[in-house]
Amino acid sequence: MRAIAEFTQDRPVSDLTYRVELAPPDIEPYRAGNTGIEYVTTFAATEPGPHVMVAALTHGNEICGAIALEKLFRAGIRPRRGRLTLAFNNVAAYREFDPRYPIASRYVDEDFNRLWHPDTLDGPRQSIELERARALRPVVDSADFLLDLHSMQYATAPLMLAGLLPRSRALARQVGIPELIMCDAGHAAGPRMRDYGGFGDPAASKTALLIECGQHWERRAAQVATDVMLRFLIATGTATRDDLAASGEDEFDAHPRQRVIEVTEAVTISGSGFEFAGDYRGLEVLEKQGTLIGRDDGREVRTPYDNCVLIMPSRRLVRGQTAVRLGRYID
């Protein structure tokens, strides 16, 4: 498998032991779709309304989103108004998923979720992921609302990544779960689909959310992906609670007090060797300003303020990538 060789040689992680509780669904029945783009299906209502898009497999080994989309297909859910698009994004990487080595199929050539800038999409560079992003671009351009389904390296609490715009945070609160909403600007390595075009434009009305559903292959992640997806459809007016109750997936009874974490900076790896100072898994609160977080080729990285929250510390400790995000609770 090409992805395994690339990962072990070029993208080392600190721990290669994982327990895989989820089985990757067969998405071949959805290959043809109806949009002229493979693995992309759009359902249209007679009543006008927004174009709502739900995407899975932005990273090929984050399979909880594919499980959620398949459940929606099987339940036969159709939009009450507007259009609903269901998209499996990086199918080439997903085809290489192997539960014996699940980290290997995040992508084939490059991270699909760092390509979403016009200069990159319109530029001369070629890769499997860029070819797919360019094919999906017209659909993403036409979407008014986007939910991108992801998962994480560590088994920490799910995070709704709402970006910096007030309208995105408001939509996250309208969805109502999970408990934690994270507001961040993204990665130095490149913009995500969530921040592309009108989704990240303060003057536009488009709105996108990215949900990190939990550890990649824990059973709970698939349920979180499904629950958030269904509530997103209600929040955008695509479906009603009664429409979705027939799916039997969510009783819609959970109403946690949501808290907001504002990300103040991302620690981008500049050297060839980054090491954390502790066994950080995410959402640790380091009480004292100046607490050592790690070393980047010997350069100390310390907390910039009291009660600093460590968010999604990475196992992909490679130059140019985000080692960890730093934030604080603001609500």
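## Close-up views of a predicted model

**View 1. Strands β1 and β3 side by side.** Strand β1 (residues 40-44) pairs with β3 in the antiparallel sense, over five bridges. Keep in mind as you browse that this is a predicted model. To find your bearings in this pairing, look for Thr42, whose bridge partner in β3 is Thr85.

**View 2. Strands β2 and β3, and the helix between them.** Here the pairing is parallel: six bridges join strand β2 (residues 51-56) to β3. A handy landmark is Val54, which stands opposite Leu86 in β3. Bring helix α2 (residues 64-75) into the picture as well, and you have a right-handed β-α-β unit made by β2, α2 and β3.

View 3. How many of the six residues of strand β3 are buried? Five of them are, so the strand, which spans residues 83-88, is largely enclosed by the rest of the structure.

View 4. Arg31 sits in the loop between α1 (2-10) and β1. Leaving aside neighbours within four places in sequence, Arg31 is in contact with Glu38, Tyr39 and Arg95. Zoom in on Glu38, and you will find a polar contact of 3.3 Å between its side chain and that of Arg31.

Definitions and conventions: Residues numbered from 1 in each chain as written. Predicted model: local features only at pLDDT ≥ 70, side-chain atom pairs only at ≥ 80, totals over all residues. Heavy atoms only, no water. Buried < 20%, exposed > 50% of the residue type's maximum accessible area, 1.4 Å probe, protein only. Helix = DSSP H or I, 4+ residues; strand = E, 2+ residues; numbered from the N terminus. Pairing = 2+ DSSP bridges. Right-handed = clockwise from strand over helix to strand, strands pointing away. Contact = heavy atoms within 4.5 Å. Polar contact = N/O pair within 3.5 Å; in protein donor to acceptor, adjacent residues only side chain to side chain.
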